[in-house]
Amino acid sequence: MAIAKGSAPRAERRSRITYNPAVRAAECAVIRSRERSIMSTTRKVAVIVGSLRKESFNRKMAKAMIGLAPPSLKLEIVEIGQVPHYNQDFDADPPQEAKGFKGRIQQADAVLFVTPEYNRSVPGVLKNAIDVASPGAIGAFGANHHLRQSLVFLNVPAMPQPEAYLGGAAKMFSDTGAIISDDTREFVNKFLQAFSQWIEKNIASQHA
Ligand SMILES: Cc1cc2nc3c(=O)[nH]c(=O)nc-3n(C[C@H](O)[C@H](O)[C@H](O)COP(=O)(O)O)c2cc1C
């Protein structure tokens with residue numbers, strides 16, 4: 001399921017799905033939480049959707065992922081539409097909406113980005129959310145390459161693989177928002193399982 005580049009194992013390469021690049025679902029990673037117990041089996045995952053559009057395919061995918069998540073992951077969408085523009089002048093006393101957003105990210109064990117690509121980059125609203133959350137809040141991530149570029153600077157461990165790129169989104173969902181194709185559902189399932197395992201590995205390494 002991993003959309004690995006070049007070095008993917010043979011079996012993995014066979015199971016890849018070829019996608020049109022209409023929608024990219026970029027995955028993310030683990031937040032540093034040294035205080036958090038590694039005994040907990042259900043990890044809280046903040047899901048950030050990079051599109052504000054009402055009928056967003058990425059939002060549909062995020063909701064489908066919530067329904068498909070294994071018991072080890074509790075996924076919750078954290079909205080970014082109301083997060084104010086980042087302004088360093090307000091670092092000492094950020095606006096309430098920024099504090100609320102940052103607090104929800106800090107409480108999560110991991111962040112999962114489900115985002116479209118805008119002009120070969122991430123949507124500005126998503127970049128802004130990262131900027132707002134980043135001072136002191138985010139400790140680990142994994143995402144598409146442009147996203148990684150910003151996050152490497154934040155010293156955030158990123159899940160190297162799998163990355164998930166999904167296309168053909170206009171035909172992906174039923175009227176009720178369910179993923180129509182069994183193959184795609186299986187693909188998302190495998191991605192979430194891998195993400196869950198990676199979270200555990202990452203948290204364990206922080207406590208080693
Ligand atoms: C401003 C803008 C820029 C876009 N740039 C890209 C792009 O660089 N690459 C791409 O594959 N799709 C691009 N698209 C298409 C979007 O990925 C597509 O519309 C997607 O469905 C938007 O996500 P949403 O359905 O969750 O709103 C762009 C769309 C918009 C509106």
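User: Before we look at a helix, how is the expected span of a helix worked out?

Analyst: The expected span is 1.5 Å times one less than the number of residues. Helices here are DSSP runs of H or I with at least four residues, strands are runs of E with at least two, and both are numbered from the N terminus. Note that this is a predicted model: local features need pLDDT of at least 70, side-chain atom pairs count only at pLDDT 80 or more, and totals for chains, interfaces and linings use all residues. Residues are numbered from 1 along each chain as its sequence is written.

User: How many residues does α3 have, and how far does it reach?

Analyst: Helix α3 covers residues 96-107, which is 12 residues. From first C-alpha to last it reaches 16 Å, close to the 16 Å expected.

User: Which residues of α3 are buried, and which exposed residues lie on the face turned away?

Analyst: The general idea comes first. An α-helix has 3.6 residues a turn, so residues three or four places apart point the same way. A residue is buried if 20 or more other C-beta atoms lie within 10 Å of its own, exposed if 12 or fewer, and partly exposed in between, with C-beta atoms placed from the backbone. In α3 the buried residues are A98, F101, K102 and I105. They cover an arc of only 95 degrees around the axis, which puts them on the same side of α3. That arc is taken from the directions from the helix axis to the C-beta atoms. The face turned away from the buried side carries the exposed Q96 and K99.

User: What is the strand order in the sheet?

Analyst: Strands of a sheet pair through backbone hydrogen bonds, either parallel or antiparallel. Two strands count as paired if DSSP finds at least two bridges between them. Here the open sheet has three strands in the order β2-β1-β3, with parallel pairing. β2 (73-77) and β3 (110-114) stand at the edges with a single partner strand each, so one side of each is left without a neighbour in the sheet. The twist averages 30 degrees from one strand to the next.

User: How many bridges join β1 and β2?

Analyst: Five bridges, in the parallel sense, with β1 spanning residues 43-49. V45 stands opposite L75 in β2. R43 has L73 as its bridge partner in β2.

User: Is β1 largely enclosed or open?

Analyst: Six of its seven residues are buried, so β1 is largely enclosed by the rest of the structure. Helix α2 (residues 57-68) lies across β1, β2 and β3, at about 165 degrees to β1. Axes are lines fitted to C-alpha atoms, for helices over the stretch in contact, and angles run from 0 to 180 degrees between N-to-C directions.

User: Which residues touch the most other members of the largest nonpolar core?

Analyst: In soluble globular proteins, nonpolar side chains tend to be buried together. A nonpolar core is a set of buried Ala, Val, Leu, Ile, Met, Phe, Trp, Tyr and Cys residues joined through C-beta atoms within 7 Å. The largest one has 46 residues, and V47, I48, L112 and A129 touch the most other members. Its largest share, eight residues, comes from α6.

User: What do the buried residues of α6 pack against?

Analyst: They pack against β1, α2, β2 and β3. Contact means C-beta atoms, placed from the backbone, within 7 Å. Among the buried residues of α6 are F187, W198 and N202. N202 has 21 other C-beta atoms within 10 Å.

Note on methods. Two residues are in contact if their C-beta atoms, placed from the backbone, lie within 7 Å.
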